[in-house]
Amino acid sequence: MRNKKLWSFAAVLSIAAVTAFPVFAAPTGNVSGVIEQTWSSAAAQIKTVVNNVIFPALDMILAILLFVKIGGLYMDYRKHGQLEWTPAAILFAGLIFSLTAPSFIWTILGI
């Protein structure tokens with residue numbers, strides 16, 4: 001049992017030694033400058049991915065949920081004779097918000 005713990009500890013230590021590497025902020029030690037530079041270089045890529053992948057996927061999911069909810073509303077109306085508009089209205093408002101969000105979200109975030 002002791003030998004197994006020793007081998008496990010040696011394996012973890014060797015993995016940590018292989019994957020660890022020194023990170024230097026800058027020759028002057030300016031950590032905040034390096035973080036700002038990294039953010040400015042990554043901001044354009046993040047904006048592109050969010051505009052081209054995240055928002056369309058969210059729009060598609062909300063549109064599908066809205067149509068399913070409208071179909072369920074119709075079936076409930078046929079069965080009970082009354083409509084519950086609140087869930088469909090919330091989904092519709094979320095869909096409108098996610099469709100228009102790319103035009104204003106980046107100015108709010110300052111990108």
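Guide: What follows goes from the whole chain to single residues. Keep in mind that this is a predicted model.

Visitor: How many helices and strands does the protein chain have?

Guide: Begin with the secondary structure. The protein chain has three helices and zero strands. Read along the sequence, the pattern is α-α-α.

Visitor: How do I read the radius of gyration of the protein chain?

Guide: Set the value beside the one for a compact globule. For 111 residues such a globule would come near 13 Å, whereas the protein chain has 26 Å. The extents can be read next: along its principal axes, the C-alpha trace spans about 70 × 50 × 20 Å.

Visitor: What share of the residues of the protein chain counts as buried?

Guide: The share is 13% of the 111 residues.

Visitor: What can be said about the charges of the protein chain?

Guide: Take the mean position of each kind and compare the two places. Here there are 7 positive and 4 negative charges, and their mean positions lie 21 Å apart.

Visitor: Among contacts between residues at least 6 apart in sequence, what percentage joins residues at least 24 apart?

Guide: In the protein chain that figure is 60%.

Visitor: Is Asp-59 buried or exposed?

Guide: Look at the relative accessibility and compare it with the cut-off. Asp-59 counts as buried because its value is 14%, and buried means under 20%. Asp-59 lies in helix H2. Leaving aside residues up to four places away in sequence, Asp-59 touches Leu-95, Ser-98 and Leu-99.

Visitor: Where does Glu-84 lie, and why is it called partly exposed?

Guide: Glu-84 sits in the loop between H2 and H3. Glu-84 is partly exposed because its relative accessible area is 48%, and exposed would need over 50%. Ser-14, in helix H1 (residues 2–19), is partly exposed as well, at 38% relative accessibility.

Visitor: How do I read distance along the sequence against distance in space?

Guide: Write the two numbers side by side for each pair. Ala-43 and Ile-111 are 68 residues apart in sequence, with 7.0 Å between their C-alpha atoms. Ser-14 and Ala-88 are 74 residues apart in sequence, and their C-alpha atoms are 56 Å apart. For Asp-59 and Phe-9 the numbers are 50 residues along the chain and 48 Å between C-alpha atoms. Glu-84 and Gly-110 are 26 residues apart along the chain, with their C-alpha atoms separated by 39 Å.

Notes:
Residues numbered from 1 in each chain as written. Predicted model: local features only at pLDDT ≥ 70, side-chain atom pairs only at ≥ 80, totals over all residues. Heavy atoms only, no water. Helix = DSSP H or I, 4+ residues; strand = E, 2+ residues; numbered from the N terminus. Rg over C-alpha atoms; globule rule 2.2 N^0.38 Å. Buried < 20%, exposed > 50% of the residue type's maximum accessible area, 1.4 Å probe, protein only. Contact = heavy atoms within 4.5 Å. Lys, Arg positive; Asp, Glu negative; His and termini not counted. Charge placed at Lys NZ, Arg CZ, Asp CG, Glu CD.
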